[in-house]
Amino acid sequence: MILEKVSLQTDFKNYDLLKLVDQGGCSSKLPAAELEKALADLPEIKDDNLLVDISTHDDAGVYRISDDLALVQTTDFFPPVCSDAYDFGQIAAANALSDIYAMGGEMLTALNMVLFPANIPMEILKEILRGGQDKVAEAGGVIIGGHTIEDDIPKYGLAVTGKIHPGHIITNIGAKPGDVLILTKPLGTGAIISGKKIDLTGDDTYRKAVETMKLLNDVGAKIMNRYGTRCATDITGFGLIGHAMKMAKGSGVSIRLDAAAIPVIGNVIELIDMGCIPGAAFRNLEFTQNECAFEPSVDYNHKMLLLDAQTSGGLLICAPPEKADQMVEDLKNTKYPETAIVGEVTKLTDKAVTAFNSRN
Amino acid sequence: MKIVDVKGQACPMPLIRTKKALKEISEGEALKVIINNESSMRNVLHFLEDNGITARMEKTGDVYEIFVNKQGEANLEQVDVNDYCEVNYPPEDFVLVFSKNRIGDGAEELGKMLVAGFLDTFKEMERLPKKVIFLNSGVDLVLKGSPVVPVLKEYELKGIELLACGTCLEYYDKLDEVAVGRVSNAYDILNATINAGKVINF
């Protein structure tokens with residue numbers, strides 16, 4: 001694809017942010033293995049009030065202020081994942097806030113993180129920021145400032161502070177054999193965004209993906225708290241299987257995922273079948289292949305769907321079996337109609353995660 | 001030969017074009033994919049490998065050329081992982097010997113990482129050994145809890161014989177902890193090495 005020159009786009013109403021990104025979806029995140037090399041030799045940070053740190057690869061850090069109050073902090077920003085600036089602002093904000101919700105927290109404040117080229121009209125930046133602000137307002141929080149740097153490709157996100165009760169932190173290391181796994185949003189945003197860049201994704205599927213990415217995980221967090229959930233994570237760049245793997249390893253258990261039960265966005269399976277598989281899915285394959293297995297019943301397209309990097313994905317929740325059905329009902333009846341039971345936690349086997357297909 | 005030129009095309013277009021071309025060419029026909037982006041090249045190779053399709057890559061300057069020969073066994077519509085695990089290249093006339101639980105001297109941790117890395121990479125090679133032999137502390141690799149047991153099980157699935165030295169297992173008192181392969185004796189192990197065209201000792 002040839003990058004469209006920025007100056008050619010003068011139609012601000014229909015300004016296509018995706019045209020600015022050559023391979024954003026494919027290469028915007030550092031590979032996990034490379035990142036670990038950079039972090040490996042840094043001194044470990046110890047503090048009695050640091051309740052959740054980077055060592056467990058959890059979604060956000062948690063710092064205790066008092067016996068009944070802790071701060072949850074996280075940040076996330078990335079290049080455009082959709083065409084429209086207002087949509088992009090909302091998605092980037094929902095994605096950044098998601099880490100707070102995955103821990104069971106409530107949001108308080110946020111700071112804008114902006115990288116933006118000087119040669120793109122400021123109207124576009126304004127729309128991005130408006131999207132972020134609206135999403136934060138919807139979440140019940142406030143944006144209290146931010147920082148802006150000039151850069152060739154726009155990038156936007158938030159640094160977020162939330163609050164949580166130190167005794168009610170939901171982590172990714174508390175999965176127990178027998179737990180049922182609930183996923184609150186359908187999969188496929190990585191392949192859909194990639195396909196959109198080359199005009200392969202149909203409008204209907206694209207709109208569904210944008211709506212899915214804009215959806216806050218706030219109500220999911222409330223429902224988790226109501227059910228006393230101890231273990232959950234949100235699904236983002238490592239794909240469903242990568243995040244399930246981190247959960248399994250952190251908890252010392254194994255996980256079985258049923259490919260037939262996974263909710264999907266629109267016709268993403270057809271896109272993948274055409275070969276519309278972003279590089280991130282292959283990176284996730286490399287990152288997971290020693291510890292995750294695909295049974296023969298899982299076809300190649302579903303394998304790549306499980307590996308597809310998600311933007312602002314849903315929550316993966318561990319629930320005791322006796323509560324799972326009611327919890328799914330509650331999630332479906334609120335904001336997440338496509339919620340499904342997608343797998344189960346077992347005792348430790350030789351693979352952290354095994355995917356199968358109950359229909360084949 | 002069909003030629004697909006995807007120079008200058010953004011990810012995942014090279015993969016889409018490759019997959020389409022693979023469906024279009026007839027059996028036995030060759031396909032050449034020309035790419036000038038390294039990560040796209042790796043993705044396409046990864047995809048082909050993942051679907052059990054043998055490919056060869058040549059690099060000239062900044063341009064990569066991937067050559068594929070369509071064989072009957074690769075059915076792109078319904079491919080699954082185990083299908084191509086069982087597409088066996090006939091084991092060749094050489095054996096691997098691991099006489100330590102790691103590769104080389106120097107840092108022990110590195111040596112162990114190398115063993116895992118080598119075994120994992122080796123199973124993807126076109127040329128597979130007939131047998132793999134484990135001697136002295138090398139028997140650690142086939143014991144319960146060894147990180148390479150899953151990989152070695154894949155070796156077995158491919159028809160490669162794994163022989164662990166019985167005397168060594170007895171010496172370390174680990175006979176009942178063997179998780180993969182078979183406990184062997186000096187006679188079989190010597191025979192395997194003497195009769196092999198080539199012995200590679202790690």
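1. Across the interface of chain A and chain B, four residue pairs are in polar contact, both residues at pLDDT 80 or more. A polar contact is a pair of N or O atoms within 3.5 Å; within protein, one must be able to donate a hydrogen and the other to accept it, and residues adjacent in sequence count only if both atoms are side-chain atoms. On the side of chain A that touches chain B, the elements giving two or more residues are α9 (268-273), α10 (279-288) and α11 (300-307) of chain A. Helices (H or I, at least four residues) and strands (E, at least two) are DSSP runs, numbered from the N terminus.

2. This is a predicted model: local features need pLDDT of at least 70, side-chain atom pairs count only at pLDDT 80 or more, and totals for chains, interfaces and linings use all residues. Residues are numbered from 1 along each chain as its sequence is written, chains are lettered from A and ligands numbered from 1 in the order in which they are written, and side-chain values use heavy atoms, with hydrogens and water left out.

3. In the interface, 29 residues of chain A are in contact (heavy atoms within 4.5 Å) with 27 residues of chain B. The two chains bury about 2,200 Å² between them, 52% of it on carbon and sulfur atoms. Buried area is the accessible area (1.4 Å probe) that two parts lose on being put together, summed over both.

4. Two salt bridges are counted between chain A and chain B. The term requires a side-chain nitrogen of Lys or Arg within 4 Å of a carboxyl oxygen of Asp or Glu. B:Lys19 and A:Asp273 form such a bridge, with their closest N and O atoms 3.4 Å apart.

5. Over all chains the structure holds 27 salt bridges. One of them joins the side chains of A:Lys335 and A:Glu138 at 3.4 Å, N to O. This pair links distant parts of the chain, 197 residues apart: A:Lys335 is in the loop between α12 (321-333) and β12 (340-346) of chain A, and A:Glu138 is in helix α4 (residues 122-138) of chain A.

6. Chain B is divided into domain 1 (2-79) and domain 2 (94-201), with bounds from an automatic or database domain assignment. Their C-alpha centres lie 34 Å apart.

7. Chain B has an open sheet of five strands in the order β8-β7-β6-β5-β9, with parallel pairing. β8 (182-184) and β9 (198-201) of chain B stand at the edges with a single partner strand each, so one side of each has no neighbour in the sheet. Strands pair if DSSP finds at least two bridges between them; β5 (residues 94-98) and β6 (residues 131-134) of chain B pair in the parallel sense over four bridges. B:Val95 has B:Lys131 in β6(B) as its bridge partner.
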